[in-house]
Amino acid sequence: MQAQPTQSLPARPEPFEVAYAGKTAAAPAVVVCIPTMRRPDHLALTLRSLAAQDFARPFACLVADNDPAGRAGAARAEAMMREGVVTGAAVVVARPGHSSACNGVFAAARALFPDTPLVAMIDDDELAEPDWLRRIVDAQERSGADLVGGPVLPRFERPDAGRFAGHPVFTPYYTASGPVPFLYGSGNFAMRAQVLDRLGQPYLDPAFDFVGGGDFDFFKRARDAGFTAYFEAEARAVETVPAGRTSLRWVVARSLRYGAINYMIERKNARRPLDRLRIPAKSLALLGLGPLRSLSRLASSGDLLASTHPLLEALGRVTAQAGFRPEQYRPREGRLP
């Protein structure tokens, strides 16, 4: 199916500043995008995991620092590229927020590597397994899919964090390789460059800058435009989960955020008045069913913490409807978003 334009967003290309452009192949097979903010030490680990890839074709790393004042990520990336650890470039995206950072790095990928057919992404708190890039590119070529995602598996810093391992906020949405309706997160995926060219800028909706979910909205828009998606279970990345994210407060906030994102996407795509009226009705229905869904999950899994997710997600929809939306990605002085 030929992809068609999706709902138009305000045409606002995200500006970026080139901090460093190293020497790369004229047209690398893949450009791997890494948005970063105030995590230079882990970014270095991410880049070293990319340097260790079992991938025979040339590829470039493109780091996008979303902290224009500090620029620690861009500086670390430049130092490693000058040392020859990886090849590529570092840019700075001044507008804060997850969607804007992704928009800036994608814009840079198309501007700096216009002839590269594949654009991939991995987060700066993740490590790519040695066969990650080969697996995800092979899956794209084998399946012919426009977008291919892989699992992000948690690696908890706290030794006693095992009770969080089965919670939905730490488990992949898919487990088996094969075609899927759409992908969910941008932490581990690759796409044909033409997906960006056809969807146009801004690629991710800036309305999701601080709440998150702009990637989920992007993948749904790609699905609606006729692009196909595939999940490759063997293309694994490992996410370092700091101790602060293995707390009841953080997990509850994450579940609420999932509900808020679902509400925001549905509200954005509601064209007719009747569609907009159905959304609060759906939210209330899910809230009413929340206790039953949670009890059902508790009965099947025995995991009390994970069983609260359906109820909290439904509550997140309702609170978002009332104007309360958790802003995980809003920068705070001295703290990671």
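Is Phe 231 buried or exposed? Phe 231 is buried, with a relative accessible area of 4%; buried means under 20%, exposed over 50% and partly exposed in between, with a 1.4 Å probe and protein chains only.

A note on ground rules before I go on. I am reading a predicted model, where local features need pLDDT of at least 70, side-chain atom pairs count only at pLDDT 80 or more, and totals for chains, interfaces and linings use all residues. Residues are numbered from 1 along each chain as its sequence is written, and side-chain values use heavy atoms, with hydrogens and water left out.

**Entry: aromatic rings**

I found twelve aromatic pairs in the structure. For a pair, rings of Phe, Tyr and Trp (its six-membered ring) need centres within 6.5 Å; planes under 30 degrees apart are stacked, over 60 edge-to-face and the rest tilted.

I looked up Phe 55 and Phe 59: their ring centres lie 6.1 Å apart with planes at 70 degrees, so this pair is edge-to-face. Phe 55 is buried at 12% relative accessible area, and Phe 59 is buried at 16%.

Next came Tyr 174 and Phe 231, with centres 5.6 Å apart and planes at 55 degrees, so I wrote this pair down as tilted. It joins distant parts of the chain: Tyr 174 is in the loop between strand S8 (152–156) and strand S9 (178–180), while Phe 231 is in strand S11 (residues 229–231), 57 residues away. Helices (H or I, at least four residues) and strands (E, at least two) are DSSP runs numbered from the N terminus. Tyr 174 also counts as buried, at 18% relative accessibility.

I checked helix H7 (residues 248–269) against helix H10 (residues 309–321): their axes come within 7 Å and cross at roughly 55 degrees. Axes are lines fitted to C-alpha atoms, for helices over the stretch in contact, with angles from 0 to 180 degrees between N-to-C directions. That makes H7 oblique to H10 (under 35 degrees is roughly parallel, over 145 roughly antiparallel, 65 to 115 roughly perpendicular and the rest oblique).

I then turned to helix H1 (residues 40–51) and helix H2 (residues 72–83), whose axes come within 9 Å and cross at roughly 35 degrees. Among the residues in contact (heavy atoms within 4.5 Å) I noted Leu 43 and Leu 47 in H1, and Ala 77 and Met 80 in H2.
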